[in-house]
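Okay, hi everyone, thanks for coming.

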Amino acid sequence: MKKKIAIIGAGIAGLTLANLIKKNSENEFMLYEKQESLSLEEGYGIQLSSNSTKILNLIGFNKIENEKIFHPSGVDFYNIQNKKICSLDLTQFNTKENKYTTLQRSTLIEFLKDEVYTQHLRFGKKIKEVSELKGKVLIKFDDNTNDLVDLVIGADGIFSNTRSFFEKKKNEPKFKKAIAVRTILKTKPELEINEEKISLMMGKNCHIVIYPLNKSKELNFVCIIRDKKYDPDNIKSLVSRVVAQNSNLEKAFKGDLKSWPLYFTPQILPSSNSKVFYIGDAFNGFLPTLAQGAGQSIESAYELFNLIEEDKEDIQNAYFQERSKRAKIVRRRSNINFFAFHFSSSIFQVIRNFFMKFLVKRKKFINSYLGTVYKN
Ligand SMILES: Cc1cc2nc3c(=O)[nH]c(=O)nc-3n(C[C@H](O)[C@H](O)[C@H](O)COP(=O)(O)OP(=O)(O)OC[C@H]3O[C@@H](n4cnc5c(N)ncnc54)[C@H](O)[C@@H]3O)c2cc1C
């Protein structure tokens with residue numbers, strides 16, 4: 001039976017689900033976004049491994065302008081002094097059609113908004129009240145409009161407001177005591193790096209990731225720094241701790257810096273309402289140390305889309321089983337990476353580097369650590 005679906009939040013998760021429904025289903029849907037427009041500023045970069053490009057290709061991502069994306073061939077690991085430790089070949093996870101891809105977030109949002117913008121996206125919408133009516137969910141928005149739907153999909157990010165209307169059990173995101181500082185570099189920094197690859201530099205209580213965003217080789221530069229408190233007015237002093245470890249990094253931090261506190265979701269909880277589902281960061285927010293936030297948003301949208309289309313009984317349980325299993329795999333690896341990338345003790349750094357050199361060459365290990373995530 002044809003269903004009416006309300007998707008709350010037009011980020012990567014909500015827009016992916018909207019595209020899947022629009023292009024492959026008879027179901028009706030509307031996307032409700034609280035902002036007055038989509039954020040299309042240059043913004044930061046996104047890495048998409050083949051598990052997510054495979055899904056995006058089903059909705060035409062393979063036709064995106066080639067100049068606007070990049071396919072890095074691998075990851076080079078360095079210490080913060082720019083001394084190379086080892087390399088990981090990313091092409092081993094690629095297929096001809098589905099490749100590891102880096103791009104600007106705005107490029108991805110532009111692509112995802114195209115088919116749904118005019119007919120299926122409403123801005124300035126925030127839920128005010130929800131109730132059950134004749135086996136459906138009645139959503140009232142704070143601009144006094146409403147919608148009566150069969151399913152509600154919370155895709156409103158890690159601080160999901162949708163959850164607060166439907167869930168009694170709280171799952172407040174926690175501050176990881178780390179801050180991300182980002183900028184876009186228009187020219188190569190004063191570092192010995194290969195611009196065709198992702199460069200990852202590990203220092204004391206910090207790590208840096210640099211990667212190309214497009215064919216003009218603009219570089220995304222993000223530095224994760226551990227600190228107990230997030231103070232946006234204190235970013236310079238935070239950055240100085242990194243520059244003190246390698247003065248060649250000073251220029252990279254000279255541009256327009258943006259900062260974010262890093263949050264994660266402590267528990268993976270099911271929805272308590274059979275008509276309400278959560279996708280993307282609203283389901284679970286990951287640390288960025290496996291670069292899987294957007295990828296998992298896309299995967300969760302796809303999993304839910306398939307279950308709704310199959311129209312089986314107990315979709316809720318099937319979705320939670322599948323999603324939580326996947327989220328746990330990604331969460332464990334993101335946490336291990338976070339731990340390993342930031343050692344402050346030089347002895348631990350030497351031991352870590354030794355193990356990395358050893359493990360990166362072990363096909364079996366790489367397949368189980370990364371292949372499990374990338375080849376889904
Ligand atoms: C520093 C950093 C680096 C990252 N790097 C990567 C990377 O390289 N690769 C990767 O895969 N991921 C990365 N991520 C993670 C990734 O950006 C997110 O996981 C992903 O964007 C989540 O998408 P989403 O659609 O679930 O949520 P969001 O992108 O948060 O979108 C939620 C949407 O819902 C809207 N909304 C919020 N509240 C309401 C409401 N009450 N009503 C209606 N609408 C609402 C918001 O305005 C927004 O449009 C990174 C994250 C960080 C912090």
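**Helices and a ligand**

Let's start with α1, and with the part of it that is tucked away: I12, A13, G14, L15, T16, L17, A18, N19, L20 and I21 are its buried residues. Before I go on, keep in mind that this is a predicted model.

As for length, α1 reaches 18 Å from its first C-alpha to its last, close to the 18 Å expected at 1.5 Å a residue.

Now pick out α7 from that list. On the α1 side, the contact is made by I12, A13, T16, L17, L20 and I21. Look at the gaps in that numbering. An α-helix has 3.6 residues a turn, so residues three or four places apart point the same way. On the α7 side, you'll find A294, S297, I298, S300, A301, Y302, L304 and F305. What kinds of residues are these? The contact has 11 nonpolar, 3 polar and no charged residues.

What about α7 itself? 13 of its 18 residues are buried, so α7 is also largely enclosed by the rest of the structure. Its 18 residues should span 26 Å at 1.5 Å a residue, and its end C-alpha atoms are 26 Å apart, which agrees.

Okay, on to the ligand. It is surrounded by 32 residues, and the closest are G9, G11, G157, G280 and G293. Elements giving two or more residues to that shell are α1, β3 and α7, and the largest share, 4 residues, comes from α7. By class, the shell has 14 nonpolar, 12 polar and 6 charged residues.

Last one, for contrast: is α9, residues 346-359, enclosed or in the open? Of its 14 residues, the number buried is 0, so α9 lies largely in the open. Its end C-alpha atoms are 20 Å apart, which agrees with the 20 Å its 14 residues should span at 1.5 Å a residue.

Conventions
Residues numbered from 1 in each chain as written. Predicted model: local features only at pLDDT ≥ 70, side-chain atom pairs only at ≥ 80, totals over all residues. Near = placed C-beta within 6 Å. Nonpolar A, V, L, I, M, F, W, Y, C, P; charged D, E, K, R; others polar. Expected span 1.5 Å × (residues − 1). Buried ≥ 20, exposed ≤ 12 C-beta atoms within 10 Å, placed from the backbone. Contact = placed C-beta atoms within 7 Å.
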